[in-house]
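Trainee: I would like to learn how to read the features of a model. Please take me through this one.

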Amino acid sequence: MAENLITPLLPNNSLSQPSDEPQVIIAFLGGGPLAVPPPATVDPFRNHTPRIEGFYEWFKILVCLPIAIARILLFGLALSVGYVVTKLALQGWKDKENPMPQWSYHWIKRRGRPAPRETAPIVVSNHVSYIEPIFFFYELFPTIVAAESHDSITLVGTIIRAMQVIYVNRFSPSSRKHAVAEIKRKASSGRYPRVLLFPEGTTTNGRLLISFQLGAFVPGYPVQPVIVRYPYVHFDQSWGNIALGKLMLRMFTQFHNFMEVEYLPVVSPLEDRKENPAHFAQRTSRAIATALNVVQTSHSYGDFMLVAKASESKQENPTVYTVEMARVESAFHISSLEAVDFLDTFLSMNPDSSGHVKIRNFLRVLRLKACNLSEKIFGVLDVEKKGKITFKQFLYGSAHVVKQPLFRQACELAFAECQTDRNNCISEEREFGNSIRRAIPNLNEYEMQELYRLFDTDGDGRISKEDFCACLRRNPLLIVLFSPQLVHKNLPEVVMGC
């Protein structure tokens, strides 16, 4: 009968006895210590006037209510006319590979001027409200890059299709690659209008600039930065943590809404289009941040997703779950969707109003009993030694373990060390428990069954290799439960024999 004898994937110099230092328990994976940056002190998605407060604001709303009704009717009429006109235009646009005729019929005062299309075929702007796309529609009638989800918005989807939109699914590598190719194709052809992008990928409150996506900069064409401001005293027009309907109602019930648009000098790639796109984007974002007189942060659309997830879960202060996702992606190569999955796990630990989780709830979700090893696992994340952890610490700690050089091999080796049936699955809770009890000797039957159910991710009563590795990727710190086998067993090299 053939047997698979598996090589030690862990080098001898990393096989050390555990010590009292919590982070030493993950040292066998071959990486360094965990470092978690301090929490960000700014919130890019916070609208600073989400509530109607004070006598003046309520008085103004009552006085302006008839005006608001007229504005809503006019806005609806303009949107309807735009819908009809663009619908008719789309009927005659059969060849989607070629441009539509350009229509331009609106003019708005601004600072600076748009550069000629042949000088800067790509325009990039900061993104604060739903107003900017409407402004640029009439100002430049550009080809716009937008999320696929916008196509299903009533009326708006038809209008942006008339802008020869380049749709992109930000979570699909193939979609992003196609979008970049389309940006390059349309920017290179004088038959198309300018290409407009909002490289932040979402709206902010305009008080800072978040990280840029690279789609506008990969083609290597000159770009013209544009900055948009909404000066205010009583009402913040930014589309942050405020519903669109409420934002529009507040805007329609103001005496005045102010908007400033400034066209900045064109930024060209260095060394005849050979500049790294990231560096090109960094120079452009620096020009915009300087003109706006704001700081740049490493927040991204991923942080918006985290805030949205926390809001959906009725957290008291959703913004404490931002982590500056661009920095996390760069350091650990995990996606925003994976970060949301980690947040889902963290939220199941019932964080308090400040976003902290104590060890009791941490152990409950990971199905761990209170013991010395469990305290060390928690200690890996509790870098401040406060007896509680934040989501940022949980995410950084989990991602840090996943990134370790030997994590994937350790998962496979740990599964191989568990006794499996002829289908290469762990089908006996007792055998699984025997492996876990090497790390936690006094584990009782109920506690063992709870861990077995956690690893049985598809709920079919047995743990396949896919189940096992998926569970460890979602709960990376649980790899420590198999450290006795991985650290102490001297396994021979891979040999296929009979």
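Trainee: What percentage of the residues of the chain count as buried?

Mentor: Start with the ground rules. This is a predicted model, where local features need pLDDT of at least 70, side-chain atom pairs count only at pLDDT 80 or more, and totals for chains, interfaces and linings use all residues. Residues are numbered from 1 along each chain as its sequence is written, and side-chain values use heavy atoms, with hydrogens and water left out. Buried means under 20% relative accessible area, exposed over 50%, and partly exposed in between, with a 1.4 Å probe and protein chains only. Here, 48% of the 498 residues count as buried.

Trainee: How many helices and strands are in the chain?

Mentor: Both are DSSP runs, numbered from the N terminus: helices are H or I with at least four residues, strands are E with at least two. The chain has 17 helices and 12 strands. For contacts, the cut-off is heavy atoms within 4.5 Å. Of the contacts with a separation of 6 or more, 73% are between residues 24 or more positions apart.

Trainee: Which residues touch the most other members in the largest nonpolar core?

Mentor: The general idea comes first. In soluble globular proteins, nonpolar side chains tend to be buried together. A nonpolar core is a set of buried Ala, Val, Leu, Ile, Met, Phe, Trp, Tyr and Cys residues joined through side-chain atoms within 4.5 Å. The largest one here has 68 residues, and Phe362, Phe391, Phe432, Phe468, Ile479 and Phe482 touch the most other members. Helix H12 gives the largest share, seven residues. Domain 2 (300-403) and domain 3 (406-496) each supply at least three residues to this core; the bounds come from an automatic or database domain assignment.

Trainee: What is phenylalanine 468 in contact with?

Mentor: Leave aside neighbours within four places in sequence. Phenylalanine 468 then contacts Cys411, Ala414, Phe415, Cys418, Ile426, Phe432, Phe455, Ile463 and Phe482. Another core, of 25 residues, lies apart from the largest one; Ile166, Ala179, Phe212 and Tyr221 are among its members.

Trainee: Why is helix H2 described as largely enclosed by the rest of the structure?

Mentor: Count its buried residues. Helix H2 (residues 131-139) has nine residues and seven are buried, so the helix is largely enclosed by the rest of the structure. The buried ones are Ile131, Glu132, Phe135, Phe136, Phe137, Tyr138 and Glu139. Just after H2, phenylalanine 141 takes a positive phi of about 40 degrees.

Trainee: Where is lysine 314, which has a positive phi?

Mentor: Lysine 314 sits in the loop between helix H7 (301-312) and helix H8 (325-332). Its phi is about 65 degrees, although lysine 314 is not a glycine. Lysine 314 is exposed because its relative accessible area is 72%. Lysine 385 also has a positive phi, near 55 degrees. Lysine 385 lies in the loop between helix H11 (372-381) and strand E11 (388-389), and is exposed at 55% relative accessible area.

Trainee: How many salt bridges does the structure hold?

Mentor: A salt bridge is a side-chain nitrogen of Lys or Arg within 4 Å of a carboxyl oxygen of Asp or Glu. The structure holds 15. In one, arginine 327 meets glutamate 324 at 4.0 Å, N to O. Arginine 327 is partly exposed at 36% relative accessibility, whereas glutamate 324 is buried at 10%. Another joins glutamate 384 and lysine 386 at 3.2 Å, N to O. There is also a network of salt bridges, linking Arg229, Glu260 and Glu262.

Trainee: Is arginine 474 buried or partly exposed?

Mentor: Arginine 474 counts as partly exposed, at 34% relative accessibility. Its place is in helix H16 (residues 465-474). Not counting residues up to four places away in sequence, arginine 474 touches Asp341, Phe342, Asp344 and Thr345.
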